[in-house]
Amino acid sequence: MRTITSDRLVLRPWRDEDAGFLLDLESRWEVVRFLGPHPATMSTREDALASIARRRALDHPVHGIWAITTADGHPVGNLLLKPIPLSAGNPAGESPDDPADVEIGWHLHPDAWGHGYATEAADAVLRDAFDRGLTRVLAVTHPDNHASQAVCRRLGMTARGRTAKYYDTVFELFEAVRPDAAVVVRRYAPADREAALLLAPRLRIGVAPWRDGEAVGRAVAGWIESSLDKAAADGQDVFVAVAGDAVVGLVTVTERRHFAGEIDAYVGELVVRADHEHRGVGTLLMAEAEEWARQRGLRHLTLDTGAANHGARAFYARRGYQEEDVRLTKRIEC
Ligand SMILES: CC(C)(COP(=O)(O)OP(=O)(O)OC[C@H]1O[C@@H](n2cnc3c(N)ncnc32)[C@H](O)[C@@H]1OP(=O)(O)O)[C@@H](O)C(=O)NCCC(=O)NCCS
């Protein structure tokens with residue numbers, strides 16, 4: 001296992017002489033209480049030595065379980081990067097074509113809390129892992145573990161909501177994507193569903209302020225859900241933009257009859273994750289929707305957007321979309 005260094009820290013393989021420190025670290029409930037689905041304190045030096053042997057046994061070109069020390073060699077905690085166990089009922093995901101999701105995790109001795117060490121150590125490992133070819137790293141945190149969630153945010157990881165996909169329990173999920181990971185557009189698959197639904201709240205942008213915000217939130221979630229449910233139906237399709245296995249955008253297309261009789265292609269929803277805007281993802285998705293229309297011989301691609309959605313309206317205008325109908329609303333006092 002390699003050694004990784006940062007400004008103030010060294011991450012190196014665990015050694016037998018760390019047994020005293022590891023026992024001190026993991027015999028503390030305040031340190032282990034959020035670790036894994038069944039946290040337990042360590043109670044003997046033998047347990048610490050056996051655990052060190054298991055940590056060292058993870059011999060992999062990218063993954064590892066490291067002792068975090070200060071630059072002068074004082075141990076302060078543990079950092080791991082390894083495949084994350086799926087909950088029962090999820091596919092194994094271990095073949096080279098379908099690699100398991102990889103998680104990053106940390107815990108530090110209370111004497112070392114409050115120095116930003118967890119963020120610094122995890123940042124160094126993430127950079128190293130991305131340099132070595134990983135494109136996506138997850139972190140699962142206990143819903144009450146606000147300190148670790150703050151570390152995830154400081155690392156620039158994206159909150160992906162609660163999930164029961166791992167460890168047979170419910171965690172708050174965070175995701176880091178390699179900044180330069182190439183974006184690929186492909187047809188939606190059922191495994192994308194959870195990530196695709198998380199994009200829905202972005203569709204509230206530009207809805208008129210006089211509409212009920214909560215009802216709008218429910219409606220936009222419903223639109224995406226029903227588009228995903230019908231993705232495989234005739235005359236419909238959903239395409240997702242994927243960066244390093246993370247779903248970062250989607251477009252839904254369907255056939256729709258214009259009142260003059262012509263069948264148009266219609267974009268129901270187009271959405272790009274906020275942290276992936278302005279990188280050409282929306283352009284790629286619209287190009288896919290246009291190709292879908294072309295292949296069916298549909299000569300017009302249409303869509304609706306909120307009048308107040310100035311960003312999206314400018315985006316469409318620059319791609320050749322013209323205003324065709326305008327809906328007007330007046331408030332009636334009654
Ligand atoms: C509207 C939306 C889909 C656009 O997605 P996007 O991924 O940001 O779109 P793009 O990156 O392809 O294009 C946006 C701008 O970034 C520019 N851009 C593209 N690649 C870029 C890059 N690598 N670096 C900098 N700018 C870039 C594009 O040229 C474009 O500018 P232009 O319109 O002046 O040409 C996105 O903002 C969104 O999801 N909004 C919320 C949901 C929404 O309103 N959907 C539409 C409802 S109908």
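Predicted model: local features only at pLDDT ≥ 70, side-chain atom pairs only at ≥ 80, totals over all residues.
I begin with the record. UniProt, in an unreviewed entry, places the feature "domain: N-acetyltransferase" at residues 9–190 and 183–334. In the model, the span 183–334 is 30% helix and 25% strand, and its end C-alpha atoms lie 51 Å apart.

Let me turn to the ligand. It is surrounded by 21 residues, of which Glu277, Gly280, Gly282, Thr283 and Thr305 are the closest. Strand S12 (263–272), helix H8 (281–295) and helix H9 (310–318) are the elements that each give two or more residues to this shell. Which of the elements gives the most to the shell around the ligand? That is H9, with four residues. Sorted by class, the shell has nine nonpolar, eight polar and four charged residues.

The buried residues of H8 are Val281, Gly282, Leu285, Met286, Ala289, Trp292 and Ala293. Viewed down the axis of H8, these buried residues fall within an arc of 130°, and therefore they line one face of the helix.

What covers the buried residues of H8? The cover includes strand S9 (183–187), strand S10 (236–243), strand S11 (246–257), S12, strand S13 (301–303) and H9. On the face turned away from the buried side, H8 carries the exposed residues Arg294 and Gln295. After the helix comes Gly297, with a positive phi near 70°.

Most residues other than glycine have a negative phi. Tyr167 is not a glycine, yet its phi is positive, about 60°. Tyr167 sits in the loop between strand S7 (158–163) and strand S8 (171–177). Is Tyr167 buried or partly exposed? With 17 other C-beta atoms within 10 Å, Tyr167 is partly exposed, since a residue counts as buried at 20 or more.

The second case is Asp245, again not a glycine, with a positive phi of about 75°. Asp245 belongs to the loop between S10 and S11, two strands included in the cover over the buried residues of H8. Asp245 has 18 C-beta neighbours inside 10 Å and so counts as partly exposed.

Note on methods. Residues numbered from 1 in each chain as written. Near = placed C-beta within 6 Å. Nonpolar A, V, L, I, M, F, W, Y, C, P; charged D, E, K, R; others polar. UniProt positions renumbered as here; feature names shortened; annotations may be inferred. Buried ≥ 20, exposed ≤ 12 C-beta atoms within 10 Å, placed from the backbone. Arc of directions from axis to C-beta. Contact = placed C-beta atoms within 7 Å.
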